[in-house]
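Please look through the structure below with the text beside it. The paragraphs go from the overall layout to single side chains.

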Amino acid sequence: MFESKTITWFRACRDNDLPSNGGACVRFGNEQIALFYFTRRNEWYATQNECPHRKQMALSRGMIGSAGSEPKVACPFHKKTFSLITGECLSGDECSIKTYPVKVDNGYVYIGIENE
Amino acid sequence: MKLVVIGNGMVGFKFCEKLVTADHNQKFQITVFGEESRPAYDRVHLSEYFAGKSAKALSLSDADWYDSNNIELHLGESIRSIDASAKTITSHRGIMTCYDYLVLATGSAAFIPSIPGIEKQGVFIYRTIEDLELITAWAKKSRTAAVIGGGLLGLEAAKAMLDLGINQTHIIEFAPGLMPKQIDDQGSALLQSKLEQLGFVIHTSKNTAEISGDGRITGLRFSDDSVIHVDMLVISAGIKPRDELAKTAGIATGPRRGIVVNEKLQTSDPAIFAIGECALHNGMIYGLAAPGYEMADVLVRNLLHQESASGISQNQEAEFTGFDMSTKLKLIGVDVASFGDPFAAGESVKTIRLQDTVRGVYKRINLSADGKQLIGGILVGDAEQYNMLLQTYKNKLVLPDDPSALILGTRSGPESAEAGLACLPDDALICSCESISKSDICGAVSELGCESVEAIKKCTKAGTGCGGCVPMIKDMMLHTMKANGRYVRNMICEHFACSRQELFDLVKIHSLKTFDEVLDALGKGDGCEICKPVVSSILASLWNEMILKKSNSTAQDSNDRFLANIQKGGTYSVVPRIPGGEITPDKLIVIGQIAKQYNLYTKITGGQRIDMFGAHLNDLPLIWSQLIAAGFESGHAYGKALRTVKSCVGSTWCRFGLHDSVSYAIRIEERYRGLRAPHKIKSAVSGCIRECAEAQSKDFGIIATEKGWNLYVCGNGGSKPQHALLLATDLDSETCIRYIDRFLMFYIRTADPLARTATWLNKMEGGIDYLRNVVVNDSLGMAEIWEKEMQLLVDSYACEWKEAIENPEIRKRFSHFINAPEEKDPTVHFENLRDQKKARDWK
């Protein structure tokens, strides 16, 4: 049996709103989502904005980059790095972050929210 | 098998940790009783609690560690009795538990001398976090304090008094000198003078006769009838092992306390063991963490050996045969170390002493009569050689022909350190907290491919305790990699296989202007948080273009990206430039008005500037518009750039001043403002040799002489302070600036990422003599080029903030939400403190 989850696509911003190879914070209700445009790879990612290490709303202001082929973001506070694909912490900590699907359609960027 | 541990201190915890790690078949079901309300915490770093470290940060494990390892933990639960024949224990609340094995890790209590008046209010002991909380509360209404005990623990407590803001602290020691168990009279005398410089009042050979005061302490009277007046007293005069529980259960204890154990840590009852500070082994109580950890390790191995049914066990039986009590610590900023037999004397011992009252250093090494073996020694004021000396002593290495070389010269070349490492035997213990030997570390490098200190820490746990051995681990790792024929290349990161210096030259030759251009031409992959700031810094040092232009903004470190320093809670701090620390009343008023308008916390910085904290990202452009309108410009406090040129008031007002140090500091600061470098750069100008601007602690510092200026370079404060060295004397103002131009360009060009000038110089072959040759005698023939390059940077300076607020593209990045640009981050919260605000603590 499969559990089916539907995804609601939330329109976050225009595709040229984001700085290239960087992130910005998107408000979704009371939540904060970090959205990244990885221009070099032409890829979009979204994660929670809060860094789980010290609970700071800061990931969207972090530097993005890659470790091997894995795209990652580094928190500006203590440089903990997280995979933008799995959300797993790459600097050896147990914590991880939530990631969201992203799609671009007709000049707009949409973040996918799973329905409960 | 049911195993009960009484005591949840550092050693009790370490025992549990080692047991659950090694007990693969989960033979042991562990129950722990702790008397304190908190799970085990780091008592060694207790004084950091006063320096602001939270109780949580001191904790040795996460809250759920015990649960997830199936350990039953009872806190706030002391044990009333042990029934050794029935193998049960009973807690004071009446919990009865039976055991197969019982481990006593009851630790020690503070030794309290019997002085009349000891019960008075304001008298404390220094042992647990609860004690610290009581001390903290009382210290708020106290101005003076006394500490009884001039040993290790006493000086820790004295440090705590300093951190709590007590104006004057007396240290009282019964013996003729401080730390009598670790260092000799000369060492004590030096330590004493260093502590006196810090404002402590030290009384040695003093016996406290009475604590005076009516219900509440007002002072102390000594046996020689002298008196001092103090508002509080902290007793930290040693420990006494907690053996009372064992004693009433009929277990053998020593005449002067301590639970007697054999080399298997077994007490007189074969099912009961004792480890840590409560255990009396061979007439000795070990009051340090490392020997306690060793005991825990021995006991774990023996228990597992005993329980392995077949007798064929991976766990060999082990014995505790005593422990070397060598110690190194930093007391109130003063390094103190002793190892082996520090006091060895007599005909069969030769001693080398080095006493340098200028630098405040005392070193002593004791050698065998033939001068070939190290027996012990003492280091006060500079303990950099401690690890090497300890290893030499422990492994009985044959000494060089001139053993004084072991303690001379702090800036010894890297070659000698490496030669020393190669001589160490494989079983040399490098990390004594975790018992990790040289061969463990080399094995981790050679066989498991660990090529960073972090990887070695993860893999072996070496360096995770007190951390004192980390520099040695790093050297050991590099040495092993080299020995294995691995070409140790100084690479920036996986994306750039070259050093910063090589990259600098390549970027210049190819005239590359953006991070993407550099990465495409010279690197691979997508960059990361290590190489992006390095490349951005190189681009800024070379071309001095506004750092947020040309898509370079996201290649900046976060502080540079928003031209402000990110602080706890995600708000920013703002530091306008105040050259030389000189400011008009009108400008002061503007800062006050802005701080009020945007509700900012204000503080004077160490560099004679004013820092405004707690600014929302959205407010930064508004704040800067007002600052710029009032004539301020960016202070670059966020950048690896020139920060501040501090000055004393100089000859315009000061009756000692030789030259106008303020005007010269302003000239220097305005010349190099905005200059980006591998790390931050600080400077200062003093108007006379009294050196009120502390120029000798700066990357470059200038001190007025009768004939001109003396130029000092490569000093810094921070975690490893280093005095600047004299580069040139009696310079006129123009020559001094030319030398600084050359010095800075040489540094910017050749230093590794994030290396301050002091570190850069320490690694430079030939040291200060070489540097002087390059800068003063122009031995590389670069002087003219560097002066021209610097002049280009000076001429192209522009205030970044002015450009940022005038450029709409850049300005729009200063909002928290991309889809709600007017809204500020709603999760930002502040708390009140002394009529201002502060950031909410980390969760």
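In this predicted model, the domain assignment divides chain B into domain 1 (2-109 + 241-307), domain 2 (123-237) and domain 3 (500-556). Between the C-alpha centres of domain 2 of chain B and domain 3 of chain B the distance is 55 Å.

The interface with the other chain comes next. Contacts between the two involve 40 residues of chain A and 39 residues of chain B. Together, chain A and chain B bury about 3300 Å², and carbon and sulfur atoms account for 48% of that area. On the side of chain A, the three residues that contribute more than any other three are A:Arg40, A:Arg61 and A:Met63, with 26% of the area that chain A buries against chain B. Seven salt bridges are counted between chain A and chain B. One of the salt bridges joins the side chains of B:Asp526 and A:Arg41, with 2.7 Å from N to O.

Aromatic rings are another feature to follow. Over all chains there are 22 aromatic pairs. Why is the pair of B:Phe13 and B:Tyr66 edge-to-face? The ring centres of B:Phe13 and B:Tyr66 are 6.2 Å apart and the planes stand at 70 degrees; planes over 60 degrees apart count as edge-to-face. B:Phe13 belongs to helix 1 (residues 10-22) of chain B and B:Tyr66 to helix 4 (residues 65-68) of chain B, so the pair ties together parts that are 53 residues apart in sequence. B:Phe13 and B:Tyr66 are both buried.

A tilted aromatic pair is formed by B:Trp801 and B:Phe814, with 5.1 Å centre to centre and 40 degrees between the planes. This pair links distant parts of the chain, 13 residues apart: B:Trp801 is in helix 26 (residues 800-806) of chain B, and B:Phe814 is in the loop between helix 27 (808-811) and strand 38 (830-833) of chain B. B:Trp801 is buried at a relative accessible area of 0%, and B:Phe814 is buried at 5%. Both rings are part of a cluster in which ring pairs link B:Phe562, B:Tyr572, B:Trp624, B:Trp801 and B:Phe814.

Rings also take part in arrangements with charged side chains. In chain A, the charged end of A:Arg14 sits over the ring of A:Tyr108, 4.6 Å from the ring centre. In chain B, B:Lys837 lies over the face of B:Phe830, and the distance to the ring centre is 3.7 Å.

Another lysine, B:Lys328, is in strand 22 (residues 327-331) of chain B. Is B:Lys328 buried, partly exposed or exposed? With a relative accessible area of 39%, B:Lys328 is partly exposed. Leaving aside residues up to four places away in sequence, B:Lys328 touches B:Val336, B:Ala337, B:Ala383 and B:Tyr386. B:Gly250 is 78 residues from B:Lys328 in sequence, and their C-alpha atoms are 38 Å apart in space.

The backbone gives two last places to look. Most residues other than glycine have a negative phi. B:Asn70, however, has a positive phi, near 60 degrees. B:Asn70 is located in the loop between helix 4 and strand 3 (72-74) of chain B and counts as exposed at 59% relative accessibility. B:Asp225 also has a positive phi, near 70 degrees. The loop that holds B:Asp225 runs between strand 14 (219-222) and strand 15 (227-229) of chain B. B:Asp225 is exposed, at a relative accessible area of 56%.

Technical notes:
Residues are numbered from 1 along each chain as its sequence is written. Chains are lettered from A and ligands numbered from 1 in the order in which they are written. This is a predicted model: local features need pLDDT of at least 70, side-chain atom pairs count only at pLDDT 80 or more; totals for chains, interfaces and linings use all residues. Side-chain values use heavy atoms; hydrogens and water are left out. Domain bounds come from an automatic or database domain assignment. Rings of Phe, Tyr and Trp (its six-membered ring) pair if their centres lie within 6.5 Å; planes under 30 degrees apart count as stacked, over 60 as edge-to-face and the rest as tilted. Helices (H or I, at least four residues) and strands (E, at least two) are DSSP runs, numbered from the N terminus. Buried means under 20% relative accessible area, exposed over 50%, partly exposed in between (1.4 Å probe, protein chains only). A charge sits over a ring if NZ of Lys or CZ of Arg is within 6 Å of the ring centre and within 35 degrees of the ring normal. Contact means heavy atoms within 4.5 Å. Buried area is the accessible area (1.4 Å probe) that two parts lose on being put together, summed over both. A salt bridge is a side-chain nitrogen of Lys or Arg within 4 Å of a carboxyl oxygen of Asp or Glu.
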